[in-house]
Amino acid sequence: MSHSDLPGVVVTGAAGGIGAAVAREACARGHRVLALVHRSTSEPALNVPGIHVEVADVTRESVSEAVVRGLAAAGISRVGILVNAAGAVRHGTTLASTSAESIMESLDVHCTGVMRVTRACLPALLQAPRPVVLNLTSRHGSLSLAASGGVPGVPVSYSYRIAKAAQNMLTACLHQELAPRVRFLAVHPGRVATAIAPADADRSPAVTADQLLDLAENAPPEWSGRFLEPPATFLDW
Ligand SMILES: NC(=O)c1ccc[n+]([C@@H]2O[C@H](COP(=O)([O-])OP(=O)(O)OC[C@H]3O[C@@H](n4cnc5c(N)ncnc54)[C@H](OP(=O)(O)O)[C@@H]3O)[C@@H](O)[C@H]2O)c1
């Protein structure tokens, strides 16, 4: 298969961090890439032939039109890999310091944002032979982990944990409806050195992008609907 025959890759949150690294690595592997960014950016990783950048906010319904427009501009008719990497962190690690607004905003980025982009990509995902959607989640979205006390010494906001738990349920729903035709994985990328990195980050975005694309290319159908950290550590929901 020549590079131009490879299905395309769509990645959100592509202006930096893990998303930008995924866009660059997917392009290096020969895929055409649609990189969705929150605001216009001069990120050098995206300024290469083979990557088309489209500005879109995943919390707006208009993101659907941006996806359709971007796929056409990128020359992508089949999407083999969708990486939902857009993410935002709001403050508040106690009941007293958590606003309802912070929870609603986080849900809109991490859960309904993923839903909007996935729905917009679905027709093109269904054109690809082995499509896969990686929803970037967090160990902190695990109800099992929270119920057993969370990660000691690592305070994480209510809004982030609640939004990632909701995103995990979305991943499970999508798997239930659409697998095995489309594989859906809830992927904790590890502790990655980015703008929203945890203090104990020990992995670069480039290494993470490599692992994510290996996972996307190789995940067997039975890994759909699972919660894991690459390369193959399965987490409890
Ligand atoms: N880094 C880690 O250790 C780690 C661990 C577990 C999970 N994750 C998850 O991995 C994903 C990528 O995170 P990262 O570490 O690469 O963080 P990052 O560098 O902050 O990237 C997140 C990107 O999402 C964009 N974004 C935020 N709100 C958006 C919106 N409404 N519409 C479109 N894009 C939006 C941000 O753009 P702006 O900055 O312009 O708003 C930013 O470019 C996130 O979902 C995060 O929760 C990361």
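**Entry 1**

I began with E105, which is partly exposed at a relative accessible area of 31% (partly exposed lies between buried, under 20% relative accessible area, and exposed, over 50%, with a 1.4 Å probe and protein chains only). I noted that this is a predicted model, in which local features need pLDDT of at least 70 and side-chain atom pairs pLDDT 80 or more, while totals for chains, interfaces and linings use all residues. Residues are numbered from 1 along each chain as its sequence is written, and side-chain values use heavy atoms, without hydrogens or water.

I then looked for the partner of E105. The side chains of R90 and E105 form a salt bridge, 2.6 Å from N to O (a side-chain nitrogen of Lys or Arg within 4 Å of a carboxyl oxygen of Asp or Glu). The two residues are 15 apart: R90 sits in the loop between strand 4 (79-84) and helix 3, and E105 in helix 3 (helices are DSSP runs of H or I with at least four residues, strands are E runs of at least two, and both are numbered from the N terminus). R90 is also partly exposed, at 28%.

**Entry 2: other salt bridges**

I counted next, and the total is twelve salt bridges. Side chains of opposite charge can pair when their charged atoms come close.

R139 pairs with D200, with the closest N and O atoms 3.8 Å apart. R139 is in the loop between strand 5 (132-136) and helix 4 (143-147), and D200 is in the loop between strand 6 (183-187) and helix 6 (205-218), so this bridge ties together parts 61 residues apart in sequence. R139 counts as buried at 14%. D200 is partly exposed at 29%.

R203 pairs with E229, and here the closest N and O atoms are 2.8 Å apart. R203 is in the loop between strand 6 and helix 6 and E229 in strand 7 (residues 227-229), so the pair ties together parts 26 residues apart in sequence. Both R203 and E229 are buried.

I also found a network: salt bridges link E25, R29, D210, D214 and E217.

**Entry 3: the ligand**

I moved to the ligand. Its shell holds 29 residues, the closest being I18, H38, Y160, V192 and T194 (a residue is near if one of its heavy atoms lies within 4 Å). By class I noted 14 nonpolar, eleven polar and four charged residues in the shell (Asp, Glu, Lys and Arg are charged; Ala, Val, Leu, Ile, Met, Phe, Trp, Tyr, Cys and Pro are nonpolar; the others, Gly among them, are polar). Helix 1 (17-28), helix 3 (100-125) and helix 5 (158-178) each give at least two shell residues.

A polar side-chain atom of Y160 lies 2.6 Å from a ligand oxygen. For polar backbone atoms, the distance to a ligand oxygen is 3.1 Å at G87 and 3.4 Å at A86. The protein covers 89% of the 880 Å² of accessible area the ligand has on its own (Shrake-Rupley method, 1.4 Å probe).

**Entry 4: strand 1**

I closed with strand 1 (residues 8-11). Both of its faces are covered: G8 and V10 on one side and V9 and V11 on the other are all buried. In a regular strand the side chains alternate between the two faces of the sheet.

Strand 1 runs parallel to strand 4, joined by four bridges (strands pair if DSSP finds at least two bridges between them). V9 stands opposite I81 of strand 4. Strand 1 also runs parallel to strand 2 (residues 33-37), with three bridges. There, V10 has L34 as its bridge partner.

Technical notes:
Polar contact = N/O pair within 3.5 Å; in protein donor to acceptor, adjacent residues only side chain to side chain.
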